[in-house]
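Hi there,

Here is the structure I promised to pass on. Have a look at it first, and my notes follow below.

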Amino acid sequence: MKRLINLAPSRPFSVLLAILPFAVLVVLYIAASDARLAENANDKLLPSIAQFSAAIERMAFEPSKRTGEYLLWVDTAASLWRLFQGVMISALMGLIFGACMGLFPYARSAMSPLFVAISLIPPMAILPILFIVFGLGEVSKVVLIVIGIAPFIIRDMQARVLELPKEQLIKAQTLGANSWQILVRVVLPQIMPRLIALVSLSLGAAWLFLIAGEAIAAQEGLGYRIFLVRRYMAMDVILPYVAWITFLAFITDYALKQLSRKSFPWFHALQGAKS
Amino acid sequence: MKKLKALFSALTLAAALVPGVVQAKEKSSFDICWSIYVGWMPWDYGASSGIVKKWADKYDIDINVVQINDYVESINQYSAGQFDACTMTNMDALTIPAASGVDSTALIVGDFSNGNDGVVLKGASKLSDIKGQKVNLVELSVSHYLLARGLESVGLSEKDISVVNTSDADMVAAYGTADVSAVTTWNPLLSEIEAMPNSNKVFDSSNIPGEIIDLLVVNTDVLADNPKLGKALVGAWYEIMATMQVKDSARVQMAEASGTNLAGFDAQLATTKMFFDAADAVKFTKSPELVKTMQYVAEFSFKHGILGDGADDASFIGIETPAGVYGDKNNIKLRFNPSYMQMKAEGKL
């Protein structure tokens, strides 16, 4: 007997099915946009496809009237650099603190409660304090990302180290390894792929904090531009910027997955076996 | 079934966006929005004291007064057609609704900023010291305009400084940090910042009187089809104006709603040129200086690319005032119409 749970689409049909919801959204958008533009040709809420391409052309391929810069690329470079610094610092902190707190009970007792407490503070609530301490420049934007995602990475790294089988640590000790050697040879290789997975999971939050930081004070950046043109409702710039951010996030996520697969094939073989 | 539901909700969402342009026809219920600013607090008092309802009842309509916390959002909501009228400055009326093709009428010219917007420098006492500094401000707002006018007055231009876009909510905290040395902002933030040590206000809107104007803007089509709305709003406004001059309790309520006390509110009022009398507002609206002001504002807006995509020059959008039209007569999107205030001045409401 045929049951719904046993019916699977063929390969080309499944591609078609995947595209369908996007196509429906695009058609709905164009219909709504046309309807609004028919009533008011200057309406800015739902721009037409032509208006989008004009805006993209203007932002990406024409020098700005005021500064002579190609705004989209300047914004992208500024935002990616901030994001990279924030995420790298957080990952490094996660690696160092997480591994130490997982492996050494003294480090765990001394620091774990602190990081738990810090991870519970909503970063946006202490923004004025961050300004006073770190200033309004680049540092505070990077710090906002670090405060937002590092505690979560640290806590998870500690948990991953604690999950390592006790037998491995005992075996390494009977083979004469000291604490440092155990840290470097047993713990590090095993938590690296998990760190990469964590970084890619935290990227969403990192983007959120980046854009929040740029909304508060900035001279360039993707979030800055969105909040600036929001003042005069330029959805023809905002929506392509959102699409661009989504694309950048997708690319980073994909690159991290490939990096992990290439560098730690044994880990992914293990993961495959489990699921 | 689920898919059908999802499709249905997507369709309703799309449908909700479509008729957003205010339907111009005779109707009986109107929504107006306002945000926190000394010149607009009277609307809050008018709504809670029943004055607005009294005038709406007189003309047999309903008026809902809605407070929006975010100023720019309130204008965007008005431009998108969610409100029939909204409070905003002359520059924002030009660059947001008018540039979006929403034909708008300044029904009430409530006041102009006469010191409520200012440039503050840390450790320097004249405006020309601003050269080479970073200036924190809300970019493309009236602050930006004020700064440009100030720089002009001392022979500098925006090339001599760099602007840092800073949200108004964070302006005071930002000024407290070491790397911020110059800001341009408005009240109540301005008075907060001025009071900090080593701070000097080097330029303010009293140096360009009458250029930053606070308005109640109404959708022109809605007003044309519903003159009752114009009469009720103007009638209510001048009754509130009369009340707040004689009743401290009215101003206390406005002060509390804007997060300060009576003394703080009265200090802000002192740097605001309120048109308590309709005749004064009419005279101001009819003056030829208003055309000149709007020309400055249009030129600034064009130079900063906020007059919309179709704009080839500053005169792309027509601005109609009693003393004449600035810009394209075939594309009039912002109208200063003193006729309702005139009715009030002549006692015809």
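**Where the chains meet**

Chain A and chain B are joined by 2 salt bridges. Please keep in mind that this is a predicted model. One of the bridges pairs R230(A) with D70(B), whose closest N and O atoms are 3.3 Å apart. On the chain A side, R230(A) sits in the loop between α9 (222-229) and α10 (235-263), and on the chain B side, D70(B) sits in the loop between β2 (62-67) and α4 (71-79). Both ends are partly exposed: R230(A) has a relative accessible area of 25%, and D70(B) has 34%.

As for the contact as a whole, chain A contributes 32 residues and chain B contributes 50 residues. Together the two chains bury about 3,500 Å², with 55% of that on carbon and sulfur atoms.

**Other salt bridges**

Over all chains, the count comes to 25 salt bridges. Two from chain B are worth a look on your screen. In one, D266(B) pairs with R251(B), with 2.8 Å between the closest N and O atoms. D266(B) belongs to helix α12 (residues 262-270) of chain B and R251(B) to helix α11 (residues 248-257) of chain B, so this pair ties together parts that are 15 residues apart in sequence. D266(B) is partly exposed at 28% relative accessible area, whereas R251(B) is buried at 11%.

In the other, K201(B) forms a salt bridge with D204(B), and their closest N and O atoms are 3.2 Å apart. Here K201(B) is partly exposed, with a relative accessible area of 28%, while D204(B) is buried, with 10%.

Chain A has a network too: R82(A), E138(A), K141(A), E214(A) and E220(A) are linked by salt bridges.

**Aromatic rings**

The count of aromatic pairs over all chains is 15. W81(A) and F84(A) make a stacked pair, 6.0 Å from centre to centre and with 20° between the planes. These two residues are 3 apart in helix α3 (residues 71-103) of chain A, so about one helical turn separates them. F84(A) is partly exposed, at 45% relative accessibility.

In chain B, W43(B) and W237(B) form a tilted pair, with 5.1 Å between the centres and 35° between the planes. This pair links distant parts of the chain, as W43(B) is in helix α2 (residues 41-49) and W237(B) in helix α10 (residues 227-246), 194 residues apart. Both W43(B) and W237(B) are buried.

Back in chain A, one aromatic cluster is made up of F61(A), W73(A), W244(A) and F247(A).

Charged side chains also meet rings in chain B. K122(B) lies over the face of Y175(B), 4.8 Å from the ring centre, and the charged end of R149(B) sits over the ring of Y296(B), at 4.0 Å from its centre.

**A covered strand in chain B**

Finally, take a look at strand β10 (residues 213-219) of chain B, where 7 of 7 residues are buried. I213(B), L215(B), V217(B) and N219(B) point one way, and D214(B), L216(B) and V218(B) point the other way. Strand β3 (residues 85-89) of chain B runs antiparallel to β10(B), with 5 bridges joining them, and A85(B) stands opposite V218(B). Strand β4 (residues 104-113) of chain B also pairs with β10(B) in the antiparallel sense, over 7 bridges; there, V109(B) stands opposite L215(B).

Conventions. Residues numbered from 1 in each chain as written. Chains lettered and ligands numbered in written order. Predicted model: local features only at pLDDT ≥ 70, side-chain atom pairs only at ≥ 80, totals over all residues. Heavy atoms only, no water. Buried < 20%, exposed > 50% of the residue type's maximum accessible area, 1.4 Å probe, protein only. Helix = DSSP H or I, 4+ residues; strand = E, 2+ residues; numbered from the N terminus. Pairing = 2+ DSSP bridges. Phe/Tyr/Trp six-rings, centres within 6.5 Å; stacked < 30°, edge-to-face > 60°. Lys NZ or Arg CZ within 6 Å of the ring centre and 35° of its normal. Contact = heavy atoms within 4.5 Å. Buried area = accessible area lost by both parts, 1.4 Å probe. Salt bridge = Lys/Arg side-chain N within 4 Å of Asp/Glu carboxyl O.
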